Amino acid sequence: MTTTIFDTQSYNYPQNFAEIQPKLTRLKKAIKKLEANLIDADNDANIELLKQRLGGELGLKVDYASELNPDQLLAATTIEGKVLVIAGAGSGKTKTLTYRTSYLLENGVTPKSILLLTFTRKAANEIKSRAKVLLADTLSDDDLAKDTLPTSKMLNDVTSGTFHSFCNMLLRQYSGLLGINPRFTILDTGDSEDAIDLIHKEKKYPAQAKSQAFPRKKTLQNIISTSRNRRIHIRDLIESNYPDIAVHIPIIEQLAIDFHEYKRANHLYDFDDIISQVVRHLKTNDIFRQMLQNQYRYIMVDEYQDTNIPQKQLIDLICEPKSVSLMVVGDDNQSIYAFRGANYENILLFGETYPEAKLIKLEQNYRSTPAVLNYINALSAHITLGYQKQLYSSVSIEGCKPVFSHLNDETREAKYIADKIIELKPDHDYSDFAVLCRTSFQSNYVQLEFMERSIPFIVVGGIKFIERRHIKDVLAFVKILYNPNDTIAWHRILTLFQGVGAVTATRLTQAINDDNNSFEPLLTPKFAKKSEQLEPLYHTLTKASQAESVESIIEHVLEFYVPILKTLEENWRERNEDFRVLKNLATEYSSLDNFLENLALDPPNDSVATTSQPAQDDKDKVTISTIHSAKGLEWPVVFVNSLVDGITPHHRSLADFEELEEERKLFYVACSRAKTRLYLTAPDYFASYSGYFDKPSRFIAELSADEVEVKRSRKSLEMLASDDPVWW
């Protein structure tokens with residue numbers, strides 16, 4: 001009989017099973033269907049024949065059979081048809097994609113017919129750069145002299161990148177065929193919020209109900225974006241997730257329509273538009289669809305569990321012909337981005353979308369010790385929906401069991417984490433440690449403790465580089481030079497000046513657009529008298545528009561902007577340091593469009609370093625991160641804190657089956673970051689404006705006591721010894 005760590009009978013579980021039963025039945029049926037098409041290396045007698053064939057094939061320079069495990073080998077060499085690869089945590093997903101790319105080229109596949117879609121440009125570049133090294137290392141000098149053999153240069157012709165960058169490229173490249181203006185500006189999330197706010201202020205909407213404040217621009221942008229990505233009507237979304245603002249539904253629905261029309265009129269595209277526009281044209285433009293289907297014959301998609309509905313539609317439309325090869329890679333246990341619009345059903349319904357699809361599983365883990373893997377597998381077993389998987393390691397050393405420590409309060413919890421880091425430090429660098437939190441505020445006590453103990457750390461998250469006020473200000477100047485129709489950028493710049501309010505900015509922007517996007521209205525007396533900054537602005541924009549490089553444009557803008565920043569911010573010197581990063585980035589681009597596109601679609605690292613005392617090695621710091629930001633990363637020693645029910649899982653998820661499932665997967669992601677040691681901590685209670693929570697996380701409570709070492713607080717031991725019917 002399995003003994004759980006705590007009694008789980010007092011935990012409330014979602015009661016909406018009947019409501020979602022049809023969906024669950026459909027998902028289970030699709031999973032079962034694809035499981036029947038599993039290609040299993042262990043049970044497939046042809047695996048040895050495959051190895052022999054690979055060894056005997058002419059022209060293959062890479063020794064795929066010896067460098068990949070049997071399942072990776074199957075995934076890398078199965079290049080026809082539709083294939084789903086379930087890649088468990090730490091199973092060598094990137095390596096498999098790298099070798100598959102190399103294998104395609106070695107088998108004579110035209111590089112331009114290969115499409116690799118990822119969620120970060122870094123991931124795409126890493127796969128291509130590894131493949132380049134792989135091909136280059138296997139070729140002798142005589143081989144390199146032959147034009148008939150694949151070389152690393154061929155990787156340059158492989159189309160790769162994020163969904164957004166790929167669709168952005170298509171919209172600009174085929175703008176004539178699609179009937180759109182190629183000089184559109186991309187709005188990031190902050191820009192979209194500003195645009196929505198501007199429209200709301202300018203439009204004469206009916207009187208709003210005074211009983212409930214109108215939602216802020218951030219909430220409005222999230223509602224409009226989520227509605228599009230999840231294909232949910234705004235009314236249904238608000239009634240379900242934002243009932244307090246339901247009184248404003250008619251205005252918000254109209255605002256969404258006006259926002260869409262505003263973008264079209266000013267050649268503006270937000271992140272959602274970039275993909276949805278390509279999908280729309282693929283559906284309605286036969287020539288466009290056939291061109292892409294004919295060009296991209298071998299398609300690979302990374303992190304498929306994170307795709308949303310428009311992204312899935314994009315893939316399905318291009319891969320519609322049976323002759324197009326498609327391999328998607330992902331892990332259904334790591335689908336944790338519903339708040340970004342990701343649809344976990346995409347990966348579970350792959351067999352329904354493609355009835356002839358095959359399934360391959362990568363289950364050999366190269367990251368964690370067997371003891372940590374035992375715990376991760378136990379977590380996986382509690383995930384209700386998903387493909388069956390059992391991670392295993394070939395490492396013979398069992399390693400240490402994960403440790404769950406129940407501490408008296410958050411201060412003791414932080415001290416415990418700091419003590420443990422100092423205890424283990426002789427055998428590790430600081431960079432070997434990570435503290436992972438469900439939400440960023442849960443690290444506050446840990447940060448204070450680290451500062452007091454002089455433990456250097458970096459906090460991953462904070463305000464993204466691209467969203468910092470002064471960076472957005474400078475980029476607004478650049479956006480105007482590229483697209484003078486960008487009214488959001490104009491408003492951002494003009495309202496910097498004393499004497500220019502929202503009304504004047506609107507009138508001046510309209511005058512500029514009416515004057516064929518000329519800067520001359522800045523000099524007209526009726527506007528010039530509003531601010532003495534308008535004339536210098538005119539000269540700055542004129543000079544910058546004539547500059548020969550992106551770097552020169554940035555320098556002209558900064559010459560004008562930094563004096564303004566001094567009057568706006570006391571810490572302008574600190575902010576000024578960010579401009580060096582911006583100028584360095586500018587040197588990498590020869591055109592404004594590429595510069596702006598890459599900043600919008602793949603911005604610089606969004607980490608914010610916060611340290612108590614800098615370490616000798618600036619990189620040698622403990623990482624403090626949210627779990628979402630830690631996905632895809634790994635550390636030898638991982639702490640997961642604040643494991644109180646109501647915090648992890650979040651209290652807002654407890655009544656909904658699907659939301660609770662995602663919280664469970666989030667905890668799975670956190671634990672699977674650990675290589676050798678995993679420490680789980682919880683205070684006796686957690687009090688906030690949301691409530692008082694005093695039970696350990698159900699994710700801890702429901703697992704077997706055999707898989708984790710438990711250390712209880714004094715309070716919990718005293719209550720355990722009493723006869724009171726408490727939760728444990």
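1. A handy term to start with: a residue is buried when its relative accessible area is under 20%, exposed when that area is over 50%, and partly exposed in between, using a 1.4 Å probe and protein chains only. Phe163, at 1% relative accessibility, is therefore buried. Phe119, with a relative accessible area of 30%, is partly exposed.

2. A word on what you are looking at. This is a predicted model, in which local features need pLDDT of at least 70 and side-chain atom pairs count only at pLDDT 80 or more, while totals for chains, interfaces and linings use all residues. Residues are numbered from 1 along each chain as its sequence is written, and side-chain values use heavy atoms, with hydrogens and water left out.

3. Now for the rings. Rings of Phe, Tyr and Trp (its six-membered ring) pair if their centres lie within 6.5 Å; planes under 30 degrees apart are stacked, over 60 edge-to-face, and the rest tilted. The structure holds 20 aromatic pairs. One of them is the tilted pair of Phe119 and Phe163, with 5.4 Å from centre to centre and 50° between the planes. Phe119 lies in the loop between β2 (114-118) and α6 (121-138) and Phe163 in helix α8 (residues 163-173), so this pair ties together parts that are 44 residues apart in sequence. Helices (H or I, at least four residues) and strands (E, at least two) are DSSP runs, numbered from the N terminus.

4. Tyr589 and Phe595 make an edge-to-face pair, 5.9 Å centre to centre with 65° between the planes. Both Tyr589 and Phe595 are buried. Elsewhere, ring pairs join Phe477, Phe497, Phe560, Tyr561 and Phe579 into a cluster.

5. Charges can sit over rings too: NZ of Lys or CZ of Arg must be within 6 Å of the ring centre and within 35 degrees of the ring normal. Arg172 lies over the face of Phe184, 3.8 Å from the ring centre.

6. How many disulfides does the structure hold? There are zero, counting a disulfide as a pair of cysteine sulfur atoms within 2.5 Å. Cys167 is buried, with a relative accessible area of 0%, and Cys319 is buried at 1%.

7. Finally, have a look at Thr623 in strand β12 (residues 622-626). Thr623 is buried, at 11% relative accessibility. Leaving aside neighbours within four places in sequence, Thr623 is in contact (heavy atoms within 4.5 Å) with Phe433, Ala434, Val435, Ile458, Val460 and Trp635.
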